[in-house]
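Have the sequence and the 3D view open as you read.

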Amino acid sequence: MNKIIIIGTGLAGYTLARELRKRDQESELILITHDDGSSYSKPMLSNALDKGKTADTLVMADATKMAIDLNAEIWTQTTVSAIDADKHQIQCDRGAVDYTHLVMAIGASPIKIPFAGDGADQILTVNSLQDYGVFRQALVAGRRVLIIGAGLIGCEFANDLSSQAITVDLVDLAPQALGRLLPAAAAQELQQRLADAGVNWHLDNAVAAVHQAGKALSVELKDGSRVETDIVLSAIGLRANTTMAKDAGLDTERGIKVDRYLQTSAQDIYALGDCAQVEDLHLPFVMPLMNAARALAATLSGDKTTVNYPAMPVVVKTPLYPIVVCPSPRPVDGSWEEDVSDQGVRAWYKDEQGKRIGFALTGELVKERMAMSKEIPDWLG
Amino acid sequence: MKQWQCLVCGFIYDQQQGLPEEGIAPGTAWDDIPDDWLCPDCNVGKSDFDMVEI
């Protein structure tokens, strides 16, 4: 009988376990996590304030309930220290454990820049419910936040914080919000609406140092200006967790490398979610994770299935200015063809041959996303 | 009128509006949506939605 071990109980680990149990009630299933195994949805972190949620109320189910629902063992606060691919065995706090199939759903970690200054060690990042709890605790006293990075998370958090009359400073190296995901006209409108809601923009700028200033922090920017704030939140991107895979001798690049069956370079070891690079694509967001979980669940229950990625647009949770982006999944030189109206922006991203390879929609036009994504070639067809 | 919220990404299905661009006519009740329907924003299954009375 199969003995399946899943390392990680984020959206990837729990979604895979749920999809597997829809097809296979017999296999022994163990999930191992270094945290408390609470089930929650990470995308919901970036609009929790507006929705009146706290770190606690974001929990959908605790590990005990998940173990019952999934007919699985869930080992919480447990660290996996090694994987022996040949022996089909892992080493963890509970000793050596055999598996027939091992799945790495170990996610990604925020990229951290070592800034100068005696306050730099207080920079927060948020990529888990635990991180979010720390951030919300800091928000109780500190009503000013400086966010580094005006990407998806930075803009979503800025919108959510501004809905609570919290002073937000948003710093980014690029000349516009959401960088290459949006054409200029749409980025400017988003920047305007967030500014109207109290967000102070520092574009074409960067943090040089973070100094302690009494109980507050004084952030020195590249242009020499200083911003006094209470909390500095870094949101400049994620890097897949690959160390555990490298130590086990598995191929890694921008993520743990897997084929279309989500299998790594070692037999019977798979990976999915933010830690995985499927062929040449590292896509740390929800829709690819869901497609991968369904395909891998089928494969693990005996029905070998490849993962397919259609064009997968991303909804940007900025209620002040609804946005959907569908970037080209691979870096391709191209240009925007913008159509601006009072309903919003509809923009195609075209390659140099004029082929439509991506799009962006804002305002009321976001409802066209299904139709538009049908015109984009599959990312992994 | 009943609404259903995706537990993963917060997408709201509003019975009154339906999803015309997906061929789900306005007024279509939640139970009448096919079981293999997926959330348009994140592809999670129907079973991952919660009924929200608004």
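## Where the two chains meet

Across the interface of chain A and chain B, five residue pairs are in polar contact, with both partners at pLDDT 80 or more. Keep in mind as you read that this is a predicted model. On the side of chain A that touches chain B, the elements giving two or more residues are helix 1 (11-23), helix 7 (286-300) and helix 8 (369-374) of chain A. Helix 7 of chain A provides the largest share of that side, with five residues. By type, the residues on this side of chain A divide into nine nonpolar, two polar and seven charged.

The contact as a whole draws 18 residues from chain A and 18 residues from chain B. Which three residues supply more than any others of the area that chain A buries against chain B? They are Met44(A), Met287(A) and Met370(A), which together supply 30% of it. Between them, chain A and chain B bury about 1400 Å², and 55% of this is on carbon and sulfur atoms.

## Charged pairs

Side chains of opposite charge can pair when their charged atoms come close. Between chain A and chain B the count is two salt bridges. One to look for on your screen joins the side chains of Arg369(A) and Asp41(B), at 2.6 Å from N to O.

Over all chains, a search of the whole structure finds 17 salt bridges. Within chain A, the side chains of Asp274(A) and Lys42(A) form a salt bridge at 3.2 Å, N to O.

## Gln5(B) and its neighbours

Leaving aside residues up to four places away in sequence, Gln5(B) touches Met44(A) and Lys51(A) in chain A. In chain B, Gln5(B) touches Gly10(B), Phe11(B), Ile12(B), Asp48(B), Phe49(B), Asp50(B) and Val52(B).

Gln5(B) and Cys39(B) are 34 residues apart along the chain, and their C-alpha atoms are separated by 9.5 Å.

## Two hairpins in chain A

Strand 22 (residues 334-341) and strand 23 (residues 344-351) of chain A pair in the antiparallel sense over eight bridges. A hairpin of two residues joins strand 22 of chain A to strand 23 of chain A. Asp339(A) stands opposite Arg346(A), a residue of strand 23 of chain A.

Strand 12 (residues 207-213) and strand 13 (residues 216-221) of chain A are also paired in the antiparallel sense, over six bridges. Here the bridge partner of Gln212(A) is Leu217(A), in strand 13 of chain A. The hairpin of strand 12 and strand 13 of chain A has two residues between the strands, and in it Gly214(A) takes a positive phi near 65 degrees.

## Backbone angles worth a look

Most residues other than glycine have a negative phi. Asn71(A), which is not a glycine, has a positive phi near 50 degrees. You will find Asn71(A) in the loop between helix 2 and strand 3 (73-75) of chain A. Glu279(A), also not a glycine, has a positive phi of about 55 degrees. Glu279(A) lies in the loop between strand 19 and helix 7 of chain A.

## How confident is the prediction?

The model scores ipTM 0.87 and pTM 0.96. Chain B has a mean pLDDT of 89, and 94% of its residues reach 70 or more. Within chain B, confidence is lowest in strand 3 (residues 49-53), at a mean of 82, and highest in strand 2 (residues 12-14), at 93.

How values were computed
Residues are numbered from 1 along each chain as its sequence is written. Chains are lettered from A and ligands numbered from 1 in the order in which they are written. Side-chain values use heavy atoms; hydrogens and water are left out. pLDDT is the predictor's confidence in each residue, from 0 to 100. Helices (H or I, at least four residues) and strands (E, at least two) are DSSP runs, numbered from the N terminus. Contact means heavy atoms within 4.5 Å. Buried area is the accessible area (1.4 Å probe) that two parts lose on being put together, summed over both. A salt bridge is a side-chain nitrogen of Lys or Arg within 4 Å of a carboxyl oxygen of Asp or Glu. A polar contact is a pair of N or O atoms within 3.5 Å; within protein, one must be able to donate a hydrogen and the other to accept it, and residues adjacent in sequence count only if both atoms are side-chain atoms. Ala, Val, Leu, Ile, Met, Phe, Trp, Tyr, Cys and Pro count as nonpolar, Asp, Glu, Lys and Arg as charged, and the others, Gly among them, as polar. Two strands pair if DSSP finds at least two bridges between them.
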